[in-house]
Structures are given as C-alpha cells and as structure tokens.
Amino acid sequence: MEKKKSVIPQLFNYAGKHKYLMVASWILAGISALLALAPFYYIWCIIKEIIEVRPNYEEAVNITSYGWHAVAMALLAMFIYLAALMCSHLAAFRVQVNMRIHMMEHIMKLPMGYIESEGSGKIRKVVADSTAATETFIAHSLPDKAVSYVTPLGIIGLLLYFDWRIGLISMVPAFFAFLCMGKMMGKEMQTAMTEYQNALADMSSEAVEYVRGVPVVKTFGQSVFSFKRFKEAIDRYEKWVINYTINMQFPMVGFVTLCNAIFAALVVCGFVFTKSGVENEFLFNILFYIIITPILTITLMKVAYAGESQMIVMDALYRMDEILGVEPLKEAANPKKPVDAGVVIENVDFAYDDSKGNAVDSISLSINPGEHVALVGPSGGGKTTLASLVARFWDVKSGSIKIGGVDVKDIASAELMRNVSYVFQDSKLLKMSILDNVRLGNPNATEEQVLQALKDAQCMDIIEKFPNGINTVIGTEGVYVSGGEAQRISIARAFLKNAPILILDEATAFADPDNEAKVQQAFANLSKDKTVIMIAHRLSTVVDADRICVLSGGKIIESGKHEELIKANGVYNHMWSEYNKSVNWKVGKGA
C-alpha cells in the first residue's frame, strides 16, 4: 500500500513562498498561547495576596498592579493571535488559489474520456470542496492547533513548577485522555472519515437527481421509493452513522470523562496532602491548580477537534491526488498535420481501466473523406468508445487511428480539435449569453458569423422568442432552454467551428418531436462536404448513411448500406424490425 504523504509538506508545496506565513502563524499563535496563561497567574497573585493580608485588606497594595498586568497580557495575547490569523489567512487564500490553478491546469490536459466518465459535477465538487477544506484548515485550524499544542506544554510547566506532586497527579487523567484520543484518531478513524465523505457525496448527488425528478414523480404519481438509489444512499449513510457512533461511544465517553476528571485528581490531592493540616503554601498552590486546570480540559478538547479537521484535509488532499494522478495524453514530439478528412482505424483494441474485457476489440474500419458512416448496435457494443477514440478522448491500447494519413498521437491536440467536431448527446451550455456560447466554436467569429451559424442550425425560433436575442444569458441569471433547443445551439457552435470531421453521438436523444425535425435539418446542413461518424439508436436517422456498421461486443459484426443489411437478414434487419414496431405501436381501445 502506498504511504500517504503528510498534510503539512503537501500544503507547503502549494503555498510556495507564502509557506513562511504559515510558519509565522504557528510561531505567533504559540507565543499568544503562552502569553494567554499569564493572566491566570496574576489572578492567582491577587487571590494569594487577599488571603495573606486578611482581614487587613487595605494592606493588599499590589492588587491593582496585578490586575493591569493581567489585562495587558490578555490584550497582548489577543493582538498577537490576530497577527497569527492574518498570516494564516493570507497563506490560506494563496494555497487555495494555487491548488485550483494547479488542478485546473492538470484537468485541462486530461483525456476528454476521463472527464466524461467521471462526470464534470464530481470533478468540480472535488476541486471546490477540497480547496475550501484546506483553506479553512490553514486559516483557522493550524493556528488553533499550535495553540492546542503549546498551551498544554505551558500548563505542564506551571503545574510542575508550583508543586510537582499535585502537577503529576493532575496529569494522570490527562494522560489517559490522550490514550482515548489516540483510539479515536488512528488509521481506522481516517478510513471512517473517507467513508463518511463518500457517503455524504453519494447522498448529495442522489438528492440532486431526486429533486430534479420531482416533476416526473408528481406527474406520474410515483412514490419517493421510485428513486431507489436516493433511498439506498440515505440507508447507507444511516448505517454508517449508527456503526460509527457505536464504535466511538466508549472512547468518546472515556475521553470526555477523563478530561473533566482533573478536578477529581485535585480533590484526591486535597485529601492526601492535608492529613497533617493545611499549610498556607499548599492552599495557595491548590488554588492555582483550581484556576489553571480548566484550561487543560478545554485544550484537550481543542486537540481532538484539530485532529478531526486534519483528517478532513487528508481526505481532501487524497481526492485531489486521485485526479492529479491521472496521466494526461502525451503531446506529439514532432506534430504533423492531416492531409485530408479520411479516417483509418487499424486493428484497434481498447479497454477501460475498471473493465475486464475490451470495449473495442480488434476493429478495423476505413472512412473516406466526405463519407457518412453510422455506428449502430446494442448498448455497450462499443459505438461511443470507438467514436471517442477517433477524437482521441482516450488513447488506444493497441493498433492505430489515422486522420488524413497521420496517427492521431502525432497530431497536436489543438490541431486535432480543429479537425474534429464532437456533438454530444447531452450538450452543455455555459452560464453566458447565447452569442458567447456559440463563439466557443470560434472565439474570433463576428456577430454576423454567429447569427449565420444559428440560422444554419435552425435556431432562429429560439433567438426570436427572447427580447435580448443572441445576447440572452443562459442559466440561473437568465433563461433556460429545453434539451432539444440546447442541442441546436450546440450544433450552431459546430457550424462556427466548421471542422472537416463531424462526430454525432446520439445527438437527437433528448429532442422532442418538434425539435428533432429541426435538429435533423441542422445536421443535414452541417454534414455537407464533411466526413461524418454518426452514433444512433433511432435507426430512421441513419437509413441514408453511406455505410452502416453494426457493433456488438466491441466488434463490427455487419457493415453495408441500409438496403444491403436489410437483405442480409442479420442483426441489423432484426433491429430495424423491432424499431419499426416501437414506432408504430399504439395504445389499443381496451388498454
């Protein structure tokens, strides 16, 4: 098993030159912790002088001086602690910025296939939540951690200085409290913290899906248990919480009891050391311990919470490292440019990391420039995987894919993206204007060129219904569009990009009948003079393709034109028959 790196060195790496601010915050917080003990000493001096001069209290001439000393030390400790917080916050903000920059730079280099398989929401959550956890840890927990470590050392010194016997007896409960804390903060607790974060993430993700599906539940009268995964996520979280609580109940009860048992130790001292009478010196010492030991109890609690916050950060860094550990695709050492829009797939194998078998198995396929090829077949047959390999979302395990006579590995990533447009089945629009969304296909395009792309993509009905036209903002601060409308705007983006190779991955999957007709017309316009690879379940969209390839089990099992495959009476003919049955199906009178 790989040994996990400690938290502080990793944070130092992200802090850069600002790591000295982190060190300064620890030092200042430690000094503040020691100074904060001084007022308790002066309070003891006041009580001691009052007892010594009783009943002639007018002889207590140093009370005012002691009081001002206590106030001065408390204020000094507070100002130094504020300086520590200032240093820690400056370092925390810089670490958070550096983490996000470092992660986003790495994510931008990762294969598109990884982004799609993991989900942009999950990756975004890791970036946002993990960096936020480290910011909180550095800004607040690190100075508090310094205080929680320095304060016990100062208190132990004071306990042993006044009366080492009482000091040692007072530390016995504290020692056993530390043992209980160790039981709660070991490797098992770190594993439990990871499980806790996983359970929260799963429940949060399923809750979002459930809330989005509430309209469906209300429309069709379904119970909440129709969202099985959401309930299972809640049940898993409940089971984890109960098991964790049961496992921690005895260590936690022991820890809290022992932390507060220091007073019991003082009572024992009182009985043991006053059998032969009470001496003034012992009385003064026991008074000091009564004043100072509650600070030890509070500090032990802070140490426990500091340990918990460190485990949260360890988990956050681990999740970040999982993403940072993904290797980016290698850039070509001597990049070449394709000579045309032909695609040649030669004996390609590919398997996902978590899969036992090949998703694409020894496939060879040659697509001429300008040819329209459709990939059809059962789910899991390898259609999307094969298309994504052409766009180099992943690298093949063996074999090669060439565009314009050049292996995609030898084409610079920017050049490859200029040659390939990929329209996903679930197109994403960013929270910006329609104009800026379409301009992502060509940042240098003029407004007139954007408008022409929208016309070609059959989007003018969308533009005309909004008062601000192409300047309408999409998202929470603007308007929302349907899945089919979002798809057409994405197609306008592809028009503007005008790449010679077009890959359409179930591009009409979320379109209603009205939108589908417009999407199909947009595709017809977009596909002119382009090499097209189309993935479709709706077989009516592929009948005019130059060639149809049927994939199953990662292999091409049939290939030809629509009429040829129908006559062959094979898998495609069966699929076509079943598709027509589903299209022509109607509810009977007695249904």
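**Close-up views of the predicted model**

View 1. Strand S9 (residues 547–552) pairs with S10 in the antiparallel sense over five bridges; two strands pair if DSSP finds at least two bridges between them. Helices (H or I, at least four residues) and strands (E, at least two) are DSSP runs, numbered from the N terminus. Leucine 551 stands opposite isoleucine 556 in S10. H12 packs on this sheet, touching strand S3 (372–376), S6, strand S7 (501–505), strand S8 (531–535) and S9, where contact means heavy atoms within 4.5 Å. The direction of H12 makes about 150° with that of S8; axes are lines fitted to C-alpha atoms, for helices over the stretch in contact, and angles run from 0 to 180 degrees between N-to-C directions. The open sheet has the order S6-S7-S8-S3-S9-S10, with mixed pairing. Strand S6 (420–423) and strand S10 (555–560) are its edge strands, each pairing on one side only.

This is a predicted model, in which local features need pLDDT of at least 70 and side-chain atom pairs count only at pLDDT 80 or more, whereas totals for chains, interfaces and linings use all residues. Residues are numbered from 1 along each chain as its sequence is written, and side-chain values use heavy atoms, with hydrogens and water left out.

View 2. An open sheet with antiparallel pairing has the strand order S2-S1-S4-S5. Strand S2 (360–367) and strand S5 (406–407) stand at the edges with a single partner strand each, so one side of each lacks a neighbour in the sheet. Strand S1 (residues 343–350) and S2 pair over five bridges, and valine 348 stands opposite isoleucine 363 in S2. Helix H12 (residues 383–390) lies across S1, S2 and strand S4 (398–403), at about 120° to S1.

View 3. Glutamine 458, which follows H15, has a positive phi near 60°.
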